[in-house]
Amino acid sequence: MLCSCMNCLQHFGNDSFQLESGGYSMHNDLLPSLGATINHTIKLRKHIVSPYDPRYRLWEKFLIVLVLYSAWICPFEFAFRRYLPSTIFLVDNIINSFFAIDIVLTFFVAFVDHKSYLLVDEPKRIAVRYLSTWFIFDACSTFPFQTISFFFNGHSKSLGFKLLSVLRLWRLHHVNSLFARLEKDIRFNYFWTRCTKLFSVTLFAVHCSGCFNYMIADRYPDPERTWIGAVIPNFMEHNLWVRYVTAIYWSITTLTTTGYGDLHAENTREMVFGICYMLFNLGLTSYLIGNMTNLVVHGTSHTKNFRDTIQAASEFASRNKLPKHMEEQMLSHICLRFKTEGLKQQETLDGLPKAIRSSIAEYLFFPIVQKVYLFQGFSFNLIFQLVTEMQAEYYPPKEDVILQNEAPAYLYIIVSGAVVSNFSLLPNLQVHGRLTAGEIFGEIGVLCNMSQPFTIRTTELTQILRLNRTTLFNIIRQSRQDATIVMSNLFQVFN
């Protein structure tokens, strides 16, 4: 028996190590099928790379930097550079070589089968999948068209080859994949991730449209009859920075629909491009407004519901002529519930397995419950059972937790804050008491099966643990000795 247990522990330890070394994390999409073992989802064939390998993730991040450069320089070269400087020409070819390496590497990267959610590491299936999907686009975006143009013409001036070089913008799908991962990554704020993506899309659209519109003016037969030539005669002789800023200025004024003043279309080509750009802006603006509206509404809807609830409670109190202190209790309870709902504490706990909830409850509340006089002498296991069944609640100041003569349903333990108790021994004799953190109330009515003998009201913001009467009896009933200890502790305090 001992040998078999040791074998099981050793097997479990091996699986755990393979799970960690395989690169599985909470941020990937790899999910084993039901009943499947971990081993065959982690082990890969020789020379096959896991898409979740940290080194491959680092390579992808490096490619993102190159993609950002390509996204900016490609339209810029197309519009403003008839002849590429040797430095930019060399940098473009070096970047193309990195993406060529990535094409070769992709043939050795396993992929996730979206039907079974398992890693596929068979080289033939990897190759067939890549060749039938993105290989052609990746190859065309990496092919050195400008280098071939240089060999044909002695320079990189050919407009046809420049148009083919624009295919490098296909590499932007790497950025889209990055944002898709970041939006699911809990380490990053979702709101700011979405805003960054929307801002990046807007900047890219402004940059591309400005470059393309300048290209139309730069290649028009009569430069003075262009949108920029009408304002800046001999604009091609001006500084490159001035021309680029002017183009971006035109693009932004068009995108934001502020209207045309100093810069506007002067010929048919520019009018056609302006029409196409403004039609594109309709879709882009709708996309931006829709996304921003969703983000803002998601952040403000909770507050609006809270204000509506407050108004409804106030109208209810006014309509039914409730006393002022009752109305204040209602509004205080609603305000506190709004604050605690924002923390989503109970929802977080309810979504966890029972073992994790029990561990959290033990860590947070076991020391407090252990010190309560009623449970002195209880075993560790019994107190642990009680703690895991308790629910934490917040009460605002001046709210009644228990009313005198109320039926016994729960007992309460104060975690933080304070309450006062009021009860009558004789018609004209009022007795007052104050309870603070670590003390219990409601136990007399629960254990003696009688109506609550006093009213309990909070004096400040108070956190209280609540335990159901039936649950308490079911736990104590398991041991007659524990039941005797409870009643003994109760009599010792009140005698």
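This is a predicted model: local features need pLDDT of at least 70, side-chain atom pairs count only at pLDDT 80 or more; totals for chains, interfaces and linings use all residues.
**Exercise 1: the surroundings of Thr 458**

Which residues does Thr 458 touch, not counting residues up to four places away in sequence?

*Solution.* Start with the contact list, where contact means heavy atoms within 4.5 Å. Thr 458 touches Tyr 395, Pro 396, Pro 397, Lys 398, Glu 399, Val 401, Ala 418 and Val 419.

Residues are numbered from 1 along each chain as its sequence is written, and side-chain values use heavy atoms, with hydrogens and water left out.

Thr 458 sits in strand β9 (residues 455–458); helices (H or I, at least four residues) and strands (E, at least two) are DSSP runs, numbered from the N terminus.

Then check the burial. With a relative accessible area of 2%, Thr 458 is buried (buried means under 20%, exposed over 50%, partly exposed in between, using a 1.4 Å probe and protein chains only).

Finally, pick out the polar contacts. These are pairs of N or O atoms within 3.5 Å; within protein, one must be able to donate a hydrogen and the other to accept it, and residues adjacent in sequence count only if both atoms are side-chain atoms. The Thr 458 side chain gets to the backbone oxygen of Pro 396 at 2.5 Å. A polar atom of that side chain also lies 3.1 Å from the backbone nitrogen of Glu 399.

**Exercise 2: salt bridges**

How many salt bridges does the count come to, and what do some of them join?

*Solution.* Set the rule: a side-chain nitrogen of Lys or Arg within 4 Å of a carboxyl oxygen of Asp or Glu. The count comes to 10.

Take Arg 457 and Asp 400, whose side chains meet at 2.6 Å, N to O. Arg 457 is in strand β9 and Asp 400 in strand β4 (residues 400–402), so this pair ties together parts 57 residues apart in sequence. Arg 457 is partly exposed at 32% relative accessible area, and Asp 400 also counts as partly exposed, at 23%.

Move on to Arg 466 and Glu 393, with closest N and O atoms 3.0 Å apart. Here distant parts of the chain are linked: Arg 466 is in strand β10 (residues 462–468) and Glu 393 in strand β3 (residues 391–395), 73 residues apart.

Now try Arg 55 and Asp 53, a salt bridge at 3.1 Å. Arg 55 is exposed at 68%, whereas Asp 53 is buried at 17%.

Last, look for a network: Glu 77, Asp 92 and Arg 168 are linked in one.

**Exercise 3: annotation against model**

Which residues carry the "transmembrane region" annotation, and what is the secondary structure over residues 62–80 and 271–289?

*Solution.* Read the record: the unreviewed UniProt entry covers residues 62–80, 87–111, 131–152, 198–217 and 271–289. Positions are in the numbering used here, feature names are shortened, and annotations may be inferred rather than shown by experiment.

Then check the model. Residues 62–80 are 100% helix and 0% strand, with end C-alpha atoms 27 Å apart. Residues 271–289 are likewise 100% helix and 0% strand, and their end C-alpha atoms lie 26 Å apart.
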